Amino acid sequence: MFKALADPTRRSLLDELFREDGQTLTALGEHFSMTRFGVMKHLKQLEDAGLVVTRRRGREKLHFLNPVPIRLVHDRWVSKYAEPWAAGLSDLKHRLESSMEKVFEIYIRTTPERLWEAITDPEQRAKYNFGAAIHSDWTVGSTFEMAAPNAGFVLGRGENLVVDPPRRLVQTMIASFSPEAEAEGPSRVTWEIEPIGDSCRLTIVHDQMREGANDQLYGGWPMILSGLKTWLETGEQLTTPGSLMYG
């Protein structure tokens with residue numbers, strides 16, 4: 001990741017995705033005085049580093065910023081030595097408000113079955129999801145509810161649209177952890193699990209949000225995914241601002 005960030009052109013590409021998430025190669029290329037192939041090569045290196053995630057929408061290939069690797073750097077090193085720097089890193093999520101779709105990706109050394117269990121098991125979910133356990137019978141059309149005992153209220157609820165263990169889970173969600181988040185109404189969250197060797201690639205697609213939706217609705221995903229990775233790979237819980245708030 002650090003090698004990918006060392007190049008100023010690649011940093012500028014990330015700046016463009018900070019400014020407007022979900023851009024095509026053509027749209028990104030308009031900001032640089034280089035060939036389309038040159039921009040493509042830089043984007044490929046950012047993809048390989050996990051900093052950019054691509055999604056197909058019809059015939060277009062869209063590029064999204066993936067803040068999870070930067071969050072992992074913060075959790076592992078920055079918070080130990082220079083907590084004020086975290087304020088600078090957190091600006092990243094505040095600049096991700098221009099798209100109705102947010103994409104987050106992480107690699108976890110585990111099996112699809114263990115990962116699915118960690119997502120759907122109430123006790124395990126509470127370990128990394130800000131102390132909130134999730135309860136559902138995990139059938140299509142059933143409901144789910146997330147609640148943290150120390151919070152004293154429901155943090156989120158919704159309906160299970162697709163339940164395909166251990167590969168795919170699609171849910172509607174109404175966030176209830178703040179008046180601002182609840183005012184945004186329902187959105188959709190898709191969990192996609194793909195085995196890669198001895199690991200799994202987990203992709204979260206959070207969409208069906210209004211343009212300029214309050215970032216409380218999706219800003220917690222990097223912390224949740226960082227905590228999930230730590231839990232499955234080490235058996236330990238990761239301290240994040242969200243876990244301190246509700247844990």
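User: Hi! Which side chain does Arg-167 meet in a salt bridge?
Analyst: Asp-164, at 3.1 Å from N to O. A salt bridge here is a side-chain nitrogen of Lys or Arg within 4 Å of a carboxyl oxygen of Asp or Glu. This is a predicted model, where local features need pLDDT of at least 70, side-chain atom pairs count only at pLDDT 80 or more, and totals for chains, interfaces and linings use all residues. Residues are numbered from 1 along each chain as its sequence is written, and side-chain values use heavy atoms, leaving out hydrogens and water.

User: Thanks. Is Arg-167 buried or exposed?
Analyst: Arg-167 counts as exposed, at 52% relative accessibility, while Asp-164 is partly exposed at 27%. Buried means under 20% relative accessible area, exposed over 50%, and partly exposed in between (1.4 Å probe, protein chains only).

User: And what does Arg-168 pair with?
Analyst: Glu-192, with 4.0 Å from N to O. Glu-192 lies in strand S8 (residues 187-196) and Arg-168 in strand S7 (residues 168-175), so the pair ties together parts 24 residues apart in sequence. Strands (E, at least two residues) and helices (H or I, at least four) are DSSP runs, numbered from the N terminus.

User: How many salt bridges are there by this rule?
Analyst: The count comes to 14. One of them joins Lys-229 and Glu-233, with the closest N and O atoms 3.0 Å apart. Those two are four residues apart in helix H10 (residues 221-234), so about one helical turn separates them.

User: Switching to H2, which residues are buried there?
Analyst: Thr-9, Arg-10, Leu-13, Leu-14, Glu-16, Leu-17 and Phe-18. Glu-16 is also linked with Arg-19 and Glu-20 in a network of salt bridges.
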